[in-house]
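Here is a short tour of one protein model. Keep the sequence and the 3D view open as you read.

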Amino acid sequence: MINLQKLIRSVILGVGLAVITPQFSAALAKEKIVTLAQVTNNWPVVKSAGLSPDMDVPWSKPVRITDLFEGELFGVFDRNSLRGSYREDAKQVISLWTPQSIRVLTTINSYQATASFYTVGRRYFRPDYVQFSTSKKVDRLLLRVGQQVFQLEGANNQFAVTKELATALKNAPEENLDIRLILEGGQSVDSEIGTQTVKAWRSIY
């Protein structure tokens, strides 16, 4: 394997102002491909980039995705469950972070009482509940990375990753990262990206 550091050093020291030849560019590209293959070869493999409330994937770890329709991708899946209160339904935020995009699925779990029963000898009623899970369209995604706030406009719950955002995610502090999802109709959902996912970004971006 070519030693890139020695190759770059010899070009700079020998020429001063280096002229990048086609052979040099080819060597760089080959080295990058070989290195990427070696790094990702041991990553867990996921067979779909689709998001669903009950999906079973390695969470907060870099993975190789071999999607039937999209080909091979590299990414990190994240999940955060937000408990509801007496007047508020529980929510779940699932996301997939790839070098090209951020995909988000937000579901709201509602509970409806369907029946109740009476225990003989006691004045006691217990309702039976049925859970309904509804996905919501996300129009905007806000991320706070350090002192920077990124506001992303999306389509079909998917948001493009710019070079500036990729750099910020790669260098994000190892701590929970706050995000806000603006749903269709203006409702907002505040959530977090866990520390392990933030650490895994360094392998992706």
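This is a predicted model. Start with helix 4, residues 195-204.

Which residues of helix 4 are buried? They are Thr197, Val198, Ala200, Trp201 and Ile204. Look down the axis of helix 4: these buried residues fall within an arc of 160°, so they line one face of the helix.

Now move to Arg103. This residue sits in strand 5, which spans residues 101-118. Is Arg103 buried or exposed? Its relative accessibility is 13%, and buried means under 20%, so Arg103 counts as buried. The side chain of Arg103 makes a polar contact with the side chain of Glu70, at 2.5 Å. Leaving aside residues up to four places away in sequence, Arg103 also touches Ala49, Leu51, Leu73, Ile94, Ser95, Leu96, Asn157 and Gln158.

Strand 7 (residues 138-145) pairs with strand 8 (residues 148-153). The pairing is antiparallel and runs over six bridges. Arg140 has Glu153 in strand 8 as its bridge partner. Two residues lie between the strands of this hairpin. There, Gly146 takes a positive phi near 65°.

Conventions. Residues are numbered from 1 along each chain as its sequence is written. This is a predicted model: local features need pLDDT of at least 70, side-chain atom pairs count only at pLDDT 80 or more; totals for chains, interfaces and linings use all residues. Side-chain values use heavy atoms; hydrogens and water are left out. Helices (H or I, at least four residues) and strands (E, at least two) are DSSP runs, numbered from the N terminus. Buried means under 20% relative accessible area, exposed over 50%, partly exposed in between (1.4 Å probe, protein chains only). A polar contact is a pair of N or O atoms within 3.5 Å; within protein, one must be able to donate a hydrogen and the other to accept it, and residues adjacent in sequence count only if both atoms are side-chain atoms. Contact means heavy atoms within 4.5 Å. Two strands pair if DSSP finds at least two bridges between them. The arc is that of the directions from the helix axis to the C-beta atoms.
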